[in-house]
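User: I am new to this structure. Can you take me through it in short steps?

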Amino acid sequence: MATGSFLVDLFVFRQLLVQKRHYAKSIVWTPRLKEMLDPPPPITARQKPKNLPKLEDIKIPKKINREPTDILKALASTVGRDYTAAHYKFHDDPYLIPYSNMNKRSYALSKEAGRKAAKWVRDQHADLFQHEVAEPPIEAFFPSPVFTEDSVLSQNDLNKYIQQGLLDQATKIHSILKSKGTEINDETRQSFLEMLCYFNEVEQIDEDLVEERWYRQANFMRDRLKNTWKDGGLAESVFKEIENPSVEAYCAMIRGQAKFFNAEKAWVTYTEARSKGLVLDTDTYNCLIKVANYLRENADLRFVLIEELLSEMKELGLEPNLGTMNAMLDSFSMIGNPRQAKNMALSTMSEFKRIGIEPSLASYFFLLTLFCKEKGPISTILVDILKTIKGKEFTIQDPKDTYFFVMAMDIARNHLQNVDLAYQIDELLHVGDNYNLIGDSYKESVYYRHYMALRCNFEPFDEFMKFYSKIVPNIYTPEPGITEEILKAVEVNVAISYLPQLWSDIVIFDQANRENLLELMLQMMASYYPTLKNTDIVQPEKLAEEFTDIGWKIWGIVEGQERDRGGRQINWSGKMLGDLITLQINGDKFDNACEVIKKLLSPLAASEVVGVPSLDTLKLFLNTSITKNNGSMCLACLQYINECGFPEILELGKEVFEKVKLDSLQTSKLSTITGHNFSSSLPEKIDVM
């Protein structure tokens, strides 16, 4: 930093010299030709030069302290996001870049699994890694120390690992020091207690395992309302060891018990502290307000409890903060009396703004949770919130700040169904560094799921597909449910030219094993098969060929399943096979259509195929067989029509008998299928021919 300061001073000094040099040049007197011939009058002492520029005072700016990464941040701010490139954590190789959600997760976690394996080898064989990989040495690169009863340890070692947040090592050292009878002062014991209460005696994931932390945060939602406090654990044991617990010790215990939803124990500890006349801090009262719903039975008693806690804070001279407001709003959002809770929430926001405390994104999240309930009346409070915070950049101030954008987009889609609000939310998300508040991978995926569904259903489909091509697959990979909505939008807008692109995405996103998606694809391709009459379609012949190929690829996917193995299985339906027959015939792939008919006539069809194709589809195949004079396939089709119980069997049989040249065996089989004796008409047919 000293070198940087010297360079700054040198630069400023150089600028001073340049400015003075320019000033000196500006006051040089250049005489005109006439003035050069006539000598100038003498300048008396009282005369002063005129029209000289005034030298302004030069103010040297104060030195600005810079962080080590400020230059990188400045450079990064000049470059926008490249939507065509995969995330930097993936190799820049088309054959290695993952596209499906599962593959992205597996890829990212597998790289970190390699790091964890390397750390394990380093820790298990520390004797092999005695070389120094950096100068000065970086302690994080050293093997993790192993502590035993013979280790020489002191209180300083315990303080060191507490400061580093390494719970397991700190716990082992504390146990060894305790067994040896080493004295631990109150300050160290307090720090250790706070660490135990904050982490609930559970070792956290290493900070350098970014991907594991990113993907595992979604699991925390499952336990967020459960009582996970370690009853009778080390934290309570350390607290009991303190002869006269200080107010800091009580605050640590109450916060930990409330954070992990052991509300009853937190209240008991609070009562004990108040009985001793200890004055707790504001953050401890915030934790109690947050769990007020677990301490009283009905809504009225909960309101009374929150009011009592606030009154007690006022009596003790404790000033509320942002955490107090968010704790109150959090409790109001879960109270069973919604009308009173809404009034209290709005008055709380107004009161805190009056005393100069601005809400965070978590504050607005709690308001949305309270006003926009799934089965409640429709509320437009999101409109007012977006007007208030439009264009603002936020920083993390509350753990629930990362819930706002997901909740807002959910409400825009499911509660208000307003795509304009979705545009405003997304614009706010990309202001400054607000994208850092999107949360974890699960929240990011849910956010884009709602945004994608809204734009798909409420804007012109061509505009939507531009947005789709922009963020898929590098930013977001659609889930099967969103893919289904997109396919339905294709059908509504008759935008069949996008079907090949969507089919390609279905394959690379590993969604080709979804029966509903395959059924939709076959249905649309069969219903809107392009012909030369489709003047609004560019290159209809090419599109028709692609439809036919996609249909047969679907056949290969379903038929290629291993029925004996577990997992998701795709079952044919009669409609799917009928659409496939239509596709193959329209694409002049009669042999493929014959394979489908043979599938329908196979002994396993009764158990593997649900339903039957439509009669129009079977007539189409029959007419094509007649055109090709293929008697065997005509009889096969008639046999299946007869098995399905269609009453038109006799009429169709007569048409085949009249238009197709059949031998005696085929004629006999036709008579058996239709129940009409065509053999008696055979000579007449021959005479006619």
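User: What average pLDDT does the protein chain have?
Analyst: This is a predicted model, so confidence comes first. At least 70 is the score of 88% of the residues. Residues 20-37 fall below 50, with seven contacts beyond near neighbours in sequence. Where pLDDT is low, coordinates should not be read in detail. The chain average is 86.

User: Which residue caps the N-terminal end of α15?
Analyst: The cap uses a side-chain oxygen that lies 3.0 Å from the backbone nitrogen of glycine 323. That oxygen belongs to asparagine 321.

User: How far does α15 reach from its first C-alpha to its last?
Analyst: At 1.5 Å a residue, 18 Å is expected for this helix. The model comes close to that, with a reach of 19 Å.

User: Which helix supplies the largest share of the lining of the largest cavity?
Analyst: The structure holds one cavity of 30 Å³ or more, and the largest has a volume of about 40 Å³. Its lining includes Tyr468, Thr483, Leu502 and Phe509. Two helices, α23 (480-493) and α24 (499-508), each supply at least two lining residues. The largest share, three residues, comes from α24.

Methods:
Residues are numbered from 1 along each chain as its sequence is written. This is a predicted model: local features need pLDDT of at least 70, side-chain atom pairs count only at pLDDT 80 or more; totals for chains, interfaces and linings use all residues. Side-chain values use heavy atoms; hydrogens and water are left out. Helices (H or I, at least four residues) and strands (E, at least two) are DSSP runs, numbered from the N terminus. The expected span of a helix is 1.5 Å times one less than its number of residues. A polar contact is a pair of N or O atoms within 3.5 Å; within protein, one must be able to donate a hydrogen and the other to accept it, and residues adjacent in sequence count only if both atoms are side-chain atoms. pLDDT is the predictor's confidence in each residue, from 0 to 100. Contact means heavy atoms within 4.5 Å. On a 1 Å grid over the protein atoms alone, a cavity is a set of points where a 1.4 Å probe fits but cannot get out, and a pocket is an open set with protein on both sides within 12 Å along at least five of seven lines; lining residues have an atom within 4 Å of a point. Grid points are joined across faces, edges and corners, and a volume is the space filled by probe spheres set on the points.
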